[in-house]
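I opened a new page for this protein today.

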Amino acid sequence: MVGSEACMHGVPVITTDVGGAKAFAMDERWVVQPGSVALLENAMNNFAEVSVQERAELSEKSRRRALSDFDLSEVAAKYEALYLEFPTGRVDYSGIGHERN
């Protein structure tokens with residue numbers, strides 16, 4: 001939820017590669033392996049050094065992504081469909097993940 005909120009506000013996400021968190025990162029440079037403070041520190045320092053223009057581009061890309069991939073009503077509909085399938089024993093998980101551009 002925090003990742004999608006950050007994207008919606010145009011805030012690029014720096015994250016560890018756990019769960020679906022990396023779906024919110026606009027660049028692989030901002031995704032690090034979990035458990036390494038040094039890698040996270042390095043990613044944060046690298047982000048601090050990107051140009052103002054690149055930050056603006058990442059911000060815009062992040063916001064566009066949130067609007068296209070993480071629309072709350074669409075995500076809610078996907079989860080509702082998943083829950084409705086649950087009692088049948090036939091669960092289709094294919095629509096739950098987010099495609100990366």
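These are my entries, from the overall layout down to single residues.

**Ground rules.** I am working from a predicted model, where local features need pLDDT of at least 70 and side-chain atom pairs count only at pLDDT 80 or more, while totals for chains, interfaces and linings use all residues. Residues are numbered from 1 along each chain as its sequence is written, and side-chain values use heavy atoms, with hydrogens and water left out.

**Layout.** I looked up the secondary structure and found four helices and two strands. Helices here are DSSP runs (H or I) of at least four residues, strands (E) of at least two, numbered from the N terminus. Along the sequence the pattern reads α-β-β-α-α-α.

I noted an accessible surface of about 6,900 Å². Carbon and sulfur atoms hold 57% of that surface. The areas come from the Shrake-Rupley method with a 1.4 Å probe, and for residues only the protein chains shown count as cover. Of the 101 residues, 26% are buried. Buried means under 20% relative accessible area, exposed over 50%, and partly exposed in between (1.4 Å probe, protein chains only).

**Contacts.** I call it a contact when heavy atoms lie within 4.5 Å. Among contacts with a separation of 6 or more, 44% join residues 24 or more positions apart.

**Helix H3.** I looked at H3 next, which covers residues 52–69. Its 18 residues reach 25 Å from first C-alpha to last, close to the 26 Å expected at 1.5 Å a residue. That expected span is 1.5 Å times one less than the number of residues. Which residues of H3 are buried? I found Leu 58, Ser 62, Arg 65, Ala 66 and Asp 69. The buried residues of H3 pack against H1 (2–8), H2 and H4 (72–85).

**Core.** I then checked the largest nonpolar core and found 11 residues, including Ala 6, Val 13, Trp 30, Phe 47 and Leu 58. Such a core is a set of buried Ala, Val, Leu, Ile, Met, Phe, Trp, Tyr and Cys residues joined through side-chain atoms within 4.5 Å. H1 and H3 each supply at least two of its residues.

**Trp 30.** This residue sits in the loop between E1 and E2. Trp 30 is buried, at 1% relative accessible area. Leaving out residues up to four places away in sequence, Trp 30 touches Val 13, Ala 43, Phe 47 and Val 50, among others. Trp 30 and Val 13 are 17 residues apart in sequence, yet 7.0 Å apart C-alpha to C-alpha.
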